[in-house]
Amino acid sequence: MSRFVGKVAIVTGSSSGIGQAAAVLLASEGASVTIHGRSADGLKTTENLILEKGIPSERIVSVQGSIQDDKVLTDLIHKTLEKFGRIDVLVNNAGSGGLPGMDRSSIEAFDFIHSVNIKPVIQLTRLVEPHLEKTKGNIVNVSSIAALLPRPGAENYAMSKAALDHFMRSRTHELAKKGIRINNVNPGLVETNFHLQMGISEQNQEKFRKGYSKIIPMGRPGAPVEIAKPIAFLASSDASYITGVCLVADGGVCQFVNKPEYE
């Protein structure tokens with residue numbers, strides 16, 4: 001497939017996981033990509049994965065730094081325009097559920113999580129808007145089914161994703177008048193290092209994965225590429241009449257009803 005030939009995409013948080021898979025997929029379908037992350041090693045891995053697809057380095061821009069840094073946000077826009085001259089797709093993927101040792105129900109966690117999951121999305125959307133208006137481009141935000149289901153003990157993360165969903169819906173009408181589409185993808189459990197970055201041990205992460213898989217109708221976590229594909233769909237002309245939606249990719253969790261036990 002070559003749905004993105006001649007297009008330019010920015011993918012935040014693309015040094016690993018879903019963002020990495022999305023950047024590689026978009027590039028493999030013809031896009032020039034700006035990749036971003038905090039980890040230099042992770043960004044190099046993403047770049048190598050793209051190069052392994054036979055894609056020349058001239059179609060890659062790399063921006064390293066925290067998504068909370070205003071300069072990083074402006075660099076994402078300016079370096080992309082400097083290299084490629086246009087922007088067609090913004091994938092807001094960078095996110096966090098908290099730092100190691102942080103009480104994820106605390107006000108400290110609320111401030112941190114929203115400063116990563118919400119504020120940069122609002123800022124980048126405003127920065128990229130005039131450029132997407134020129135190309136009639138679009139935005140895809142990576143949300144979570146945590147926005148749709150109660151998450152005791154992780155309410156700050158869940159609230160940030162619910163806010164992300166509502167931000168998307170709130171901007172849909174105004175952006176549509178400028179020819180810009182905006183949508184969200186809401187993944188369920190995906191095999192990434194997300195929990196490790198929060199300081200959860202590999203042992204506890206595996207325990208969580210096995211327990212959670214029992215409530216997934218498809219019986220397993222998703223792979224990053226299984227979320228990258230819905231992202232690419234929404235970003236492509238295949239979704240030209242779709243805006244303002246949350247596309248759930250969770251293996252059926254949101255439709256799951258636990259059967260009562262009978263004697």
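Helices (H or I, at least four residues) and strands (E, at least two) are taken here as DSSP runs, numbered from the N terminus. The model is a predicted one, so local features need pLDDT of at least 70 and side-chain atom pairs count only at pLDDT 80 or more, while totals for chains, interfaces and linings use all residues. Residues are numbered from 1 along each chain as its sequence is written, and side-chain values use heavy atoms, with hydrogens and water left out.

On to the loop that holds Leu149: this residue sits between β5 (138-142) and α6 (155-176). Leu149 comes out as partly exposed at a relative accessible area of 30%, where buried means under 20%, exposed over 50% and partly exposed in between (1.4 Å probe, protein chains only). Together with Leu148 and Val248, Leu149 makes a nonpolar surface patch of about 200 Å². Patches are built from residues with over 30% relative accessible area and no salt bridge, joining like charges within 9 Å and nonpolar side chains (Val, Leu, Ile, Met, Phe, Trp, Tyr) within 5 Å. The areas themselves come from the Shrake-Rupley method with a 1.4 Å probe, and for residues only the protein chains shown count as cover.

Then the charged pairs. Side chains of opposite charge can pair when their charged atoms come close. With a salt bridge taken as a side-chain nitrogen of Lys or Arg within 4 Å of a carboxyl oxygen of Asp or Glu, a search of the whole structure turns up eight. One of them joins Asp88 to Arg86, at 2.6 Å from N to O; Asp88 is buried at 3% relative accessible area, whereas Arg86 is partly exposed at 30%.

Glu129 and Arg171 form another salt bridge, with their closest N and O atoms 2.9 Å apart. This pair ties together distant parts of the chain, Glu129 being in helix α5 (residues 119-135) and Arg171 in helix α6, 42 residues apart. Both partners are buried, Arg171 with a relative accessibility of 11%. Arg171 also meets Glu174 in a salt bridge (3.4 Å, N to O). Those two are three residues apart in helix α6, so about one helical turn separates them. Glu174 is partly exposed at 39%.

As for cysteines, the structure holds zero disulfides (pairs of cysteine sulfur atoms within 2.5 Å). Cys246 has its nearest cysteine sulfur, that of Cys254, 10 Å away, which is too far for a bond. Cys246 is partly exposed at 25% relative accessibility, and Cys254 is also partly exposed at 25%.
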